[in-house]
Amino acid sequence: MRRVIGLLLLVLFHRVGCFEISGVRIEKRSNVLRASIMTEETYSQRIEQSLKRKYGTDEMSRVLSSWRDLVAGEKYEAVLGDHPLMKQEARSYLPGLTVRPFWSVENLEWAKKLAEDWQIVRNEFDTIALADGGSSLKKRGNNVWAVAIDDEASAYGQDWRTLVLMDRGRWDPINAALFPQTCRLIDNSGIPAVEAFFAAMKPKTIIKPHSDTCNFVLTSHLGLVIPGQDESHPPCRLSV
């Protein structure tokens with residue numbers, strides 16, 4: 001039976017830019033490693049001050065409010081419909097954003113561009129990831145088909161495996177070099193990406209119902225290998 005394989009993209013609603021905070025100083029003297037680490041309170045204050053300096057207090061009012069709630073450990077929960085699973089849970093919540101159960105490709109220009117070129121991604125994946133039964137990729141790649149490690153992601157199940165191309169807005173230099181066409185398509189599409197990775201599931205496995213931990217990131221699925229398109233395979237489906 002064939003695995004389900006796709007390219008997932010986590011996308012920011014709004015690009016807010018980048019800034020640096022000199023929070024941790026590490027120095028090595030006479031083979032002694034010394035680190036000056038800020039307290040959690042000071043660290044959160046430094047972030048807030050940096051946001052204010054870069055964007056101004058008025059422009060960042062919603063973001064600052066969201067950041068303070070996150071630091072305080074607040075969790076946002078809301079019921080969005082009649083179905084018990086139609087609820088939103090977020091540890092990091094930005095008010096005022098549009099809430100939709102499902103976003104159509106037609107409403108997102110970058111998504112249309114990627115959908116049109118999906119065959120390029122599939123061909124490159126087949127060439128690189130499936131060559132030699134995947135043994136070559138395991139030798140050359142970084143954390144190839146890794147299992148989820150944090151509590152939130154581990155709820156997906158042990159059969160949910162990923163091959164990361166981008167994490168927290170930074171390309172993985174090893175894996176990105178292995179899939180240059182895919183990374184170029186993502187970059188040229190204009191998508192404000194946060195994460196990009198290939199994901200695979202074994203046959204007859206499921207991902208448990210879940211809600212992401214923030215409301216200002218969209219998850220986009222680009223299916224590459226989808227069993228169940230004919231009578232020889234059981235159906236594969238995605239419920240939102």
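R62 lies in helix α2, which spans residues 61-71; helices here are DSSP runs of H or I with at least four residues, numbered from the N terminus. The model is a predicted one, in which local features need pLDDT of at least 70 and side-chain atom pairs count only at pLDDT 80 or more, while totals for chains, interfaces and linings use all residues. Residues are numbered from 1 along each chain as its sequence is written, and side-chain values use heavy atoms, with hydrogens and water left out.

With a relative accessible area of 37%, R62 is partly exposed, a class that lies between buried (under 20%) and exposed (over 50%) for a 1.4 Å probe and protein chains only. Leaving aside neighbours within four places in sequence, R62 is in contact (heavy atoms within 4.5 Å) with L94, P95, G96 and L97. The side chain of R62 reaches the backbone oxygen of P95 at 2.6 Å, and the C-alpha atoms of R62 and Y93, 31 residues apart along the chain, are separated by 9.5 Å.

## Packing of α4 and α8

Helix α4 (residues 118-129) packs with helix α8 (residues 180-188) at an angle of about 155°, their axes being 8 Å apart. The two helices are therefore roughly antiparallel to each other, the term used for angles over 145 degrees.

On the α4 side I120, V121 and E124 take part, and they meet P180, Q181, T182 and L185 of α8. The residues of this contact divide into 4 nonpolar, 2 polar and 1 charged.

Definitions and conventions: Axes are lines fitted to C-alpha atoms, for helices over the stretch in contact, and angles run from 0 to 180 degrees between N-to-C directions. Angles under 35 degrees count as roughly parallel, over 145 as roughly antiparallel, 65 to 115 as roughly perpendicular and the rest as oblique. Ala, Val, Leu, Ile, Met, Phe, Trp, Tyr, Cys and Pro count as nonpolar, Asp, Glu, Lys and Arg as charged, and the others, Gly among them, as polar. A polar contact is a pair of N or O atoms within 3.5 Å; within protein, one must be able to donate a hydrogen and the other to accept it, and residues adjacent in sequence count only if both atoms are side-chain atoms.
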